[in-house]
Amino acid sequence: MERWTKWSLQNGIAVAILCLLVIGAGLWSAQRMKMETFPDVSLPAVFVTAVYAGASTQQIESDVTIPLEKTLLALEDYESIISTSRENAATFFLRYPFGYDMDGVQQAIEQAIIDAKLPDAVETTVVPTNPNNQPVYEVGISAPSRTEAALDTLLNEQIIPELKDIDGVSEVYVEGATQPIVRMRVKANTGIPIALLVQGIRDAQYGVPLGTITEGGTGVPVRLVGAVDSRAALESLTVTAAGQRVRLSDVAVFSTEDVAPIVTRINGKPGRMLRITKETDANTVEVGEAIQRAIEDASAAHNLVYTTFVDNAQEVSKSVRALLAEGGYGILFTILTIFVFLRNVRATLIAIVSLPLSILATLIVLDVTGNTLNIMTLGGLAVSVGRIVDDSIVVIENMYRWRQLPENKNKSCAWVSFAATKEVLGPIASSTVATVVVFLPLAFLSGILGQFFAPFALTVGVSIVTSLIVAMTVIPVLGTSLLRNIAHVEREGWFVRSYRSIVVWSVQHKALVFSTGVGLLIGALALIPLLGVTFLPSGGKVLVLASAALPRQATDEEAMRVGEVFETLMRSDAAVRHSIVSVDKEAHAVRASIELHKNEDVDDFGARFKTNATPRIVAVNGQATLRVTNQLQNGPPTNDRIDIKLYSDNAESLREAARSVQQTLERNPSLRNVQNSVQDVIPRQDIVLRESARARGVEPISVMGAVGDRLREQKVMDITWDGVRRTVYAQSDAPLDTVGALGAVPIRTSSGVIPLRDVAFVTQQTAPVTIERENGRTNVVVSADIAVRAGEDTVDVSNAVKEEVLGLALPKNVERTIGGGFEDIFTGFESLGIAMGVAVGLVFVVLTATFGGVLAPFVVLTTLAFVPIGAFVALLVTGQQLSMSAMIGLLMLIGIVVTNAVVLLQRIEENRKTGVQLHEAVVEAAVTRLRPIVMTAMATICALIPLALSTAASGLISKTLAITVIGGLLSSTLVTLVFVPVLYVAIGRWRRFVAPLEQ
C-alpha cells in the first residue's frame with residue numbers, strides 16, 4: 001500500500017485525471033440509475049388455480065386438491081405447499097427458498113398437473129409470482145356530469161388506451177365498471193337443456209379450411225365460415241337440441257343489462273378505481289409521473305374528479321429526497337465538525353474530498369451490478385458518510401501534525417506527506433478491512449432479510465473501501481500542495497491537558513475504572529426489558545383498511561347496506577380525507593380504503609371506526625364480521641401479527657380446536673381482528689337418486705342438466721348487440737329461489753315429466769366454506785393483529801399468547817404451532833445475532849494479523865462490550881424500541897468502534913517498539929490520538945444527526961438505526977479514550993517487543 005501512496009505523490013496529474021473520470025462516470029451513473037422504494041425482492045413462489053365449475057368444496061378436495069397435491073409434494077426443494085379448496089375451485093401456493101433458481105419450476109408443476117390426471121372439466125393455470133404485478137398507481141375517478149355508463153365508455157375508449165400507451169405501463173385494471181351483457185332466458189317449459197342450446201350456438205361459429213385454388217400462379221385459400229355476430233343472427237339462429245330443430249327466439253327471451261359485479265364509490269360518489277402496473281424493467285418514478293400527467297390532463301379535459309390513493313412514484317421520490325436531504329445535511333455537519341477541529345480551511349477541504357469521490361465511485365459499482373437507487377442503497381450511503389471521512393481525517397490530521405513538528409520544518413512537503421501517511425497506513429487499512437468484514441455476513445443472510453441487506457452491505461463496503469483508497473492516494477497529493485505553510489504550535493489546549501490528567505488518574509485507579517465500566521454495562525443490559533422489542537419500526541403513508549365479510553347466503557341488498565354504513569361513518573368523521581368503498585357482490589364482501597388527514601392517529605381512528613361500525617353491520621346481517629387494519633403503503637411489513645396453525649385429519653376436531661383458540665384470542669385486549677380461516681359451516685342440499693330412478697330412465701347426467709339449468713347461468717359468447725359489444729349469458733327463465741322448490745324441478749323420464757322428489761331424496765347437510773391444507777395436512781389458521789398497549793411490546797404479547805394457547809386443552813388429535821410476528825422477530829434477531837458473532841470473529845482475525853498477537857486484539861474487542869451502554873440509553877430516552885433497525889446499528893458500531901481503538905492501539909504499540917516505558921507510551925499515544933479519535937467519532941455522529949431527527953425515513957434505514965449508532969458511539973468513544981489505556985496498562989506488561997536494529 002505504501003507503493004500506492006508513493007506512486008500517487010510522483011504522478012499527481014494522473015491522480016487528478018482519475019478523480020475527474022470517477023466524478024464524470026459517477027454523475028452519469030446517478031442519472032441513469034432507476035429509483036425504487038426497495039431493492040428488487042422477488043418472492044420465489046408459484047400460484048396454481050384449478051377451476052372445476054359446479055363442484056362442491058368436498059368434491060373439489062377429493063377430485064382436485066388431493067390428487068394434485070400428491071404430485072406436487074413429489075417435487076423438490078419447495079418450502080411449503082398451501083392449498084385451499086372451495087366451491088368451484090382449488091388454489092395452490094408453492095413457496096421456494098429466497099435465492100432459489102426458478103428456471104424449470106413452472107414446467108415441473110405443469111407436468112405434475114398432467115400426472116395428477118384430474119377430471120377433464122378442470123381448467124388449470126400456473127402463474128409465477130411477480131412483484132411488478134402490484135399496482136404502482138391507484139386512482140379513483142368519478143364524473144359529476146356524466147352517467148356511469150358514459151364514464152365507462154370514456155374510460156374504455158379514451159383514457160385507458162392513453163394510459164396503456166405510456167412507456168413502461170404494463171396493464172390497467174378497472175374496478176367497479178359495468179359490464180354490458182345479454183340475458184338469454186330459456187323457457188323452462190320447453191324441457192330443452194340449456195347446455196345443448198349453448199353448444200348449438202357455439203357450433204354455429206366455425207372456420208374450416210377446405211383447400212387452396214391455384215389461379216395465375218397464386219394460391220387462394222378456401223374456407224367454410226359461419227358466424228353469429230349480430231342481434232338478428234342470434235335471435236334467428238336455428239339449432240338442434242334434444243333431437244329437435246328450434247329457433248332461439250321461440251325458446252328464449254333476450255334482454256340487455258348493464259351489471260356491476262363490484263360497486264365502487266369514491267368519497268361517497270359513484271366512480272371507478274384504476275389500478276396500473278408497470279413493466280419489469282420500467283422506472284417507477286418515470287412511469288408514475290407520466291401516469292399522473294395523463295390523469296391530470298384527462299380530468300381537465302373531461303371534467304372528471306380524481307383521487308390518488310397509491311402513487312409509488314411520489315412515495316419513491318419522497319423517500320429518496322428525504323435520504324438525499326439527510327445525507328446532504330450529514331455531509332454539511334461533517335464538514336463543520338472537521339473545520340472546528342482543524343481550524344484550517346485548506347485542511348478541511350482536503351479531508352472532505354473523500355466524500356464525493358467515494359459516493360460517486362459507489363454509484364458506479366451499484367450501476368454496474370444492476371442495483372437501483374432505493375432506501376437501502378441510499379441509506380447505506382447516508383449512514384456511511386461519517387465513516388467515509390474517517391480514514392482521510394486520520395491521514396490529514398497526521399500530516400497536519402507532522403507539518404507542525406520542528407524537526408520537519410526543512411523537509412519537503414512530499415516527504416512529510418508520505419511519512420505521515422505511512423505512519424497511519426497500517427491502522428486505517430486494518431480498521432477499514434475490519435469495518436468491511438463486519439458487513440460481509442449481511443450479504444449471506446437468508447430469507448427476505450438477506451434480499452434487503454445485500455445491496456446495503458455492498459453500498460457500505462464499496463464506499464468504505466473507496467474511502468481508504470482515496471486516503472492513501474488523493475489525500476497525500478492534496479496535502480503536498482495545500483499544506484505547505486503550517487504554523488508551528490507548541491502549546492497544548494485546555495481540552496488536551498484535561499484529558500491527559502484524566503488518563504493519568506485513571507491509570508492510577510484501575511480497579512475503580514474497571515468496576516465502573518462493568519457496572520454501567522450491567523445497568524445498560526438491564527434496560528432491555530424497558531425498551532420493548534418489535535420487528536421493524538413503521539413509517540410511510542398509512543391507509544386504514546376496513547373489510548366486512550358476509551355469509552354466502554347474504555343478498556346483494558345486504559352488501560350494499562353494509563357499504564352505506566361504511567360511507568355514513570366516514571362522512572361523519574373529520575379525520576377522513578379520502579375514501580373508496582367497494583361492494584363485491586360475488587365475494588359477498590365490502591372493502592374500504594381510507595386515507596386520513598395528516599397527523600391523524602390511525603390506531604385511534606381504526607378503533608373508533610370498528611366500535612361504531614360493528615353493531616350497525618351486525619344489524620344488517622347477524623353473521624357479518626368486520627376487520628380493520630392499517631396498511632403501510634411505503635415500507636416493509638412490521639410483522640405485528642400472530643398465527644396459530646392447527647393440524648388434524650378430523651374436520652370436527654379442527655373446528656372445535658379453532659373455536660377454542662379463537663375465543664381465547666378474542667378475550668385478549670392486546671389483540672384485534674381475530675380471524676378463523678375455517679368459517680362456520682353452511683347448509684348444503686344433497687340429491688341422492690332412488691333405486692327406482694334408473695328403471696324409469698333417469699340418469700345422473702339428466703338430473704345434473706335439469707337442476708343445474710335452474711341454479712346457474714352459462715357464458716355463451718361475445719357479440720355486437722345493437723352496436724354495443726356484450727357478453728351473452730344463458731339461464732332459465734324460472735330459476736330456483738327457495739330450497740323447497742328444489743324437489744319440484746321437472747325431470748324427464750321414460751313415462752313422462754315428473755318432479756325430482758319422485759326419483760330422488762333431497763336432504764340438507766352441512767359443509768365448510770373452505771378446506772385448507774399445508775404440505776398435505778389439513779389445517780386451520782387462527783390469526784390476530786397485535787395492538788400494543790402502553791408498557792407492552794410485540795414480544796411481550798406474543799409470549800403471553802403463546803403460553804396461553806399452549807395451555808389450552810385441545811382435542812388430542814390436533815397439533816398446534818405458533819408463528820407470525822413472534823416467529824419473524826425471533827428468526828430475524830437470531831440471524832442478525834449470528835451475523836454479529838461472525839463479524840466479531842472476522843474482526844479478531846484481521847486484528848491478529850495486524851498486531852501480530854492476541855493481546856492487542858483482545859483490548860480492541862473489549863470496547864465492543866460497552867457499546868450497549870450508550871445505545872440502549874439513547875433508545876430509552878428517545879422512546880424507540882429494540883428492533884431490527886437497532887440491531888443493524890449495533891452491527892455497524894462493531895466496525896466503527898474498532899476503527900478508533902485500532903488507531904489508539906497502533907500508536908501505543910509503536911511507542912513500545914521504540915523502547916518507551918509502558919505508562920509513558922500509553923499516555924503519549926492517548927494524547928496524540930485524541931484529536932483524530934474525537935474528530936472521527938464526532939464526524940460520524942454529526943453525519944447521523946439529520947437521520948436521527950427525521951420522521952421521513954422508514955423501515956430498516958430509520959431514525960432508530962441512527963439513534964443506536966450515535967448513542968453507542970458516544971459511550972464507546974469514552975471507553976476507547978479511558979478504558980482502553982487503563983486495560984492496556986493492566987495487561988500490557990505481558991506484551992514483549994524487540995527493539996528495532998540500529999541502522
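**Salt bridges and a helix pair in the predicted model**

Arg694 is exposed, with a relative accessible area of 56%. Here buried means under 20% relative accessible area, exposed over 50%, and partly exposed in between (1.4 Å probe, protein chains only). The model is predicted: local features need pLDDT of at least 70, side-chain atom pairs count only at pLDDT 80 or more, and totals for chains, interfaces and linings use all residues. Residues are numbered from 1 along each chain as its sequence is written, and side-chain values use heavy atoms, with hydrogens and water left out.

Arg694 forms a salt bridge with Glu699. A salt bridge is a side-chain nitrogen of Lys or Arg within 4 Å of a carboxyl oxygen of Asp or Glu. The closest N and O atoms of this pair are 3.0 Å apart. Glu699 is partly exposed, at 32% relative accessible area. Elsewhere, salt bridges with shared partners join Arg183, Arg185, Glu257 and Glu713 into one network.

By this rule, the count comes to 28 salt bridges. One of them pairs Glu567 with Arg265, with the closest N and O atoms 2.7 Å apart. Glu567 lies in helix H20 (residues 556-571) and Arg265 in strand S13 (residues 262-266), so the bridge ties together parts that are 302 residues apart in sequence. Helices (H or I, at least four residues) and strands (E, at least two) are DSSP runs, numbered from the N terminus. Glu567 counts as buried, at 8% relative accessibility. Arg265 counts as partly exposed, at 28%.

A further salt bridge joins the side chains of Arg659 and Glu652 (3.7 Å, N to O). Arg659 counts as partly exposed, at 36% relative accessibility. Glu652 is also partly exposed, with a relative accessible area of 42%.

The helix pair comes next. The axes of helix H3 (residues 57-73) and helix H4 (residues 105-116) come within 8 Å and cross at roughly 135°. That makes H3 oblique to H4. Axes are lines fitted to C-alpha atoms, for helices over the stretch in contact, and angles run from 0 to 180 degrees between N-to-C directions. Angles under 35 degrees count as roughly parallel, over 145 as roughly antiparallel, 65 to 115 as roughly perpendicular and the rest as oblique.

In H3, Pro67, Leu68, Thr71 and Leu72 take part in the contact. They meet Ile109, Ala112, Ile113, Asp115 and Ala116 of H4 (contact means heavy atoms within 4.5 Å). The contact residues divide into seven nonpolar, one polar and one charged.

Terms used. Nonpolar A, V, L, I, M, F, W, Y, C, P; charged D, E, K, R; others polar.
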